[in-house]
Amino acid sequence: MKISRYKHDSETSYALGATLVFELLKNKPELITKIFLRPTEKQGEDITKILQSAEEKQIPVIESAKPFNVLNAKDACLLIAEFKKSSTKLDDNNHLLLVNPSDAGNLGTIMRTAVAFGIKNLAIIPPAVDPYDPKVIRASMGAIFHLNLEIIPDFETYKSRFPNHHRYAFMLNKDAKTLDEAKTSKESPFTLVMGNEAAGLPASYSEDCETIFIPQSDEVDSLNLSIATALALYAFTR
């Protein structure tokens, strides 16, 4: 049995832990190539149900400690699913567009938050953290398996693909409205555009988007990207 640490150019990735394996089994079982089970006497009812589901779907289950050691899984992790990385085309509903996100924890948390507020389309413009890194998948708590996720090369490509989306860029400029002042149109879907954790969005985005800012005190420099995105998602979907 060959098992190696995850690499960006790998064709497969890993979902570490019963919760993530369950979400993958429930939403995209066709992507799973195999499931690893840590040898243990304490499987529990949830693990048993997952293994039964895997058997029903004819997914191989391999009992071995090696994958858990290679992937540095915590002792409490009893299951790992290896799955094929697969991009899913965005549909024409509302979108979240992240430009150059660089932190795995932030990206995973944003995925989880987007799904919580009913946004199922996530576009990412590189350079960016790998959305299939197991650290991102863990931070998403399996929400990545509920998303249409596309890596789009640049903003021009995105605009040409979705010309009817009303775009809202979260950035500071002289014309920016507060989050409370922003109004969505019932006639067209919206796209929320968020920039890099450190650099934000380039000024050029204000030419093709309605600009929005989140008012805050001057005692801190800025909000964390995942927090800012959560506020934006709540305001636009309430």
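Is Asn-100 buried, partly exposed or exposed? I looked it up: Asn-100 is partly exposed, with a relative accessible area of 22%. My cut-offs are under 20% relative accessible area for buried and over 50% for exposed, with partly exposed in between, using a 1.4 Å probe and protein chains only.

**Ground rules.** I am working on a predicted model, so local features need pLDDT of at least 70 and side-chain atom pairs count only at pLDDT 80 or more, while totals for chains, interfaces and linings use all residues. I number residues from 1 along each chain as its sequence is written, and side-chain values use heavy atoms, with hydrogens and water left out. Helices (H or I, at least four residues) and strands (E, at least two) are DSSP runs numbered from the N terminus.

**Backbone entries.** I found Asn-100 in the loop between strand 5 and helix 4. Its phi is near 60°, a positive value in a residue other than glycine. Met-141 is not a glycine either, and has a positive phi of about 55°. I placed Met-141 in the loop between helix 5 and strand 7, and at 35% relative accessibility it counts as partly exposed. Pro-127 sits in the loop between strand 6 and helix 5.

**Helix 2.** I checked the span of residues 44-56: the 13 residues reach 19 Å from first C-alpha to last, close to the 18 Å expected at 1.5 Å a residue. The expected span is 1.5 Å times one less than the number of residues. Ile-47, Ile-50, Leu-51, Ser-53 and Ala-54 are buried in this helix. Seen down the axis of helix 2, the buried residues fall within an arc of 160°, so they line one face of the helix. The arc is taken from the directions from the helix axis to the C-beta atoms. Glu-45, Glu-55 and Glu-56 are exposed on the other side of helix 2. For packing I use contact, meaning heavy atoms within 4.5 Å. The buried residues of helix 2 pack against helix 1 (18-27), strand 2 (32-37), strand 3 (61-63) and strand 4 (79-84).

**Helix 1.** I list Leu-20, Val-21, Glu-23, Leu-24 and Leu-25 as its buried residues. They pack against strand 1 (12-16), strand 2, helix 2, strand 4 and helix 5.

**Helix 4.** Which residues does Thr-113 contact, leaving aside its neighbours within four places in sequence? I found Ala-230 and Leu-233. Thr-113 lies in helix 4 (residues 104-116) and is buried, with a relative accessible area of 16%. The buried residues of helix 4 pack against strand 5 (95-99), strand 6 (121-125), helix 5, strand 7 (148-151) and helix 7.

**Glu-11.** This residue is in the segment before strand 1 and is exposed, with a relative accessible area of 70%. I read 6.0 Å between the C-alpha atoms of Glu-11 and Lys-84, which are 73 residues apart along the chain. Leaving aside neighbours within four places in sequence, Glu-11 is in contact with Phe-83, Lys-84 and Lys-85.

On a 1 Å grid over the protein atoms alone, a cavity is a set of points where a 1.4 Å probe fits but cannot get out; a pocket is an open set with protein on both sides within 12 Å along at least five of seven lines; lining residues have an atom within 4 Å of a point. Grid points are joined across faces, edges and corners, and a volume is the space filled by probe spheres set on the points.

I get about 580 Å³ for the largest pocket. Of its 22 lining residues, Phe-170, Met-171, Gln-216, Ser-222 and Leu-223 are the closest to its centre. Strand 11 (210-213) and helix 7 (225-237) are the elements that give two or more residues to this lining.

The second largest pocket holds about 420 Å³. It is lined by 15 residues, with Leu-16, Leu-71, Asn-72, Ala-73 and Arg-138 nearest its centre. Helix 5 (residues 134-140) gives the largest share of that lining, three residues.

I count one cavity of 30 Å³ or more. The largest cavity has about 90 Å³ of space, and its lining includes Lys-84 and Tyr-132.
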